[in-house]
Amino acid sequence: MAGTVLVTYGTTNGSTARIAETVADVLRKEGLTVETLPARSVAGVTSYDAVVVGGGLYAGRWHKDARRFVRRHRHELAERPVWLFSSGPLDATASERDIPPVPGVRKAVAELDAREHVTFGGCLEEGAKGWVARMILRNGKGGDFRDFTAIETWAAHVADDLTRG
Ligand SMILES: Cc1cc2nc3c(=O)[nH]c(=O)nc-3n(C[C@H](O)[C@H](O)[C@H](O)COP(=O)(O)O)c2cc1C
């Protein structure tokens with residue numbers, strides 16, 4: 001496929017942005033032209049040929065920037081190949097088994113006829129915003145559970161799908 005892929009994300013503490021950058025790097029290595037942008041900064045998607053949207057999970061919902069992005073651009077997104085990912089679990093479960101999308105994301109998968117959704121482990125470290133985050137950290141439940149091997153494998157599979165048409 002010729003053209004440009006948008007990799008966009010909703011993040012509060014930056015860990016989903018790093019996942020998006022990793023996905024973008026793999027797509028570039030596979031020869032695709034890629035732009036990465038925070039979901040709140042995307043004015044429109046008509047100039048992109050495919051879109052990957054990721055969001056951190058907060059209280060059982062996708063990050064609000066990812067939700068708004070999908071809502072705002074749903075018609076254009078539905079006309080393009082779209083992949084979705086979530087990042088959240090602060091344990092190894094996402095590396096051990098498939099974690100289904102939260103209900104709002106499941107709806108987005110259906111609405112956009114997304115090619116695929118995947119859940120990656122999340123990350124919560126010192127300096128994260130909000131009292132709940134601080135409480136989780138105080139209780140020793142934080143850490144970095146992003147599995148970059150799994151992220152790269154998934155991105156290579158997206159690239160494969162895109163380049164094969
Ligand atoms: C207040 C709060 C609520 C969270 N809720 C969930 C949740 O419902 N499900 C989940 O899997 N992870 C949850 N997490 C973990 C985050 O999804 C994880 O830290 C993620 O990597 C954050 O992404 P970000 O750094 O891009 O904002 C929560 C974290 C915080 C601080």
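**A tour from the ligand shell to strand β3**

Start at the ligand: α1 (15–29), β3 (50–58), β7 (123–124) and α6 (131–138) each give at least two residues to the shell around the ligand. The model you have open is predicted.

Now select the shell itself. There are 23 residues around the ligand, and Asn-13, Thr-16, Gly-56, Gly-88 and Gly-122 come nearest. Colour the shell by residue type. You will find 11 nonpolar residues, 12 polar and no charged.

The crossing of α1 past α7 is right-handed.

Show the side chains at this contact. From α1, select Ile-19, Thr-22, Val-23, Val-26 and Leu-27. From α7, select Phe-148, Ile-151, Glu-152, Ala-155, Ala-156, Val-158 and Ala-159. The residues of this contact divide into 10 nonpolar, 1 polar and 1 charged.

Last stop: strand β3, which also supplies residues to the ligand shell. Select Val-51, found in this strand. Is Val-51 buried or exposed? Val-51 is buried, because 24 other C-beta atoms lie within 10 Å, and 20 or more is the cut-off.

Leaving out residues up to four places away in sequence, Val-51 touches Leu-6, Thr-8, Val-45, Leu-77, Arg-80 and Val-82. Finally, draw a distance from Val-51 to Val-34. The two are 17 residues apart along the chain, and their C-alpha atoms are separated by 9.5 Å.

Methods: Residues are numbered from 1 along each chain as its sequence is written. This is a predicted model: local features need pLDDT of at least 70, side-chain atom pairs count only at pLDDT 80 or more; totals for chains, interfaces and linings use all residues. A residue is near a molecule or strand if its C-beta atom, placed from the backbone, lies within 6 Å of it. Helices (H or I, at least four residues) and strands (E, at least two) are DSSP runs, numbered from the N terminus. Ala, Val, Leu, Ile, Met, Phe, Trp, Tyr, Cys and Pro count as nonpolar, Asp, Glu, Lys and Arg as charged, and the others, Gly among them, as polar. A crossing is left-handed if the near helix is turned anticlockwise from the far one by less than a right angle, and right-handed if clockwise. Two residues are in contact if their C-beta atoms, placed from the backbone, lie within 7 Å. A residue is buried if 20 or more other C-beta atoms lie within 10 Å of its own, exposed if 12 or fewer, and partly exposed in between; C-beta atoms are placed from the backbone.
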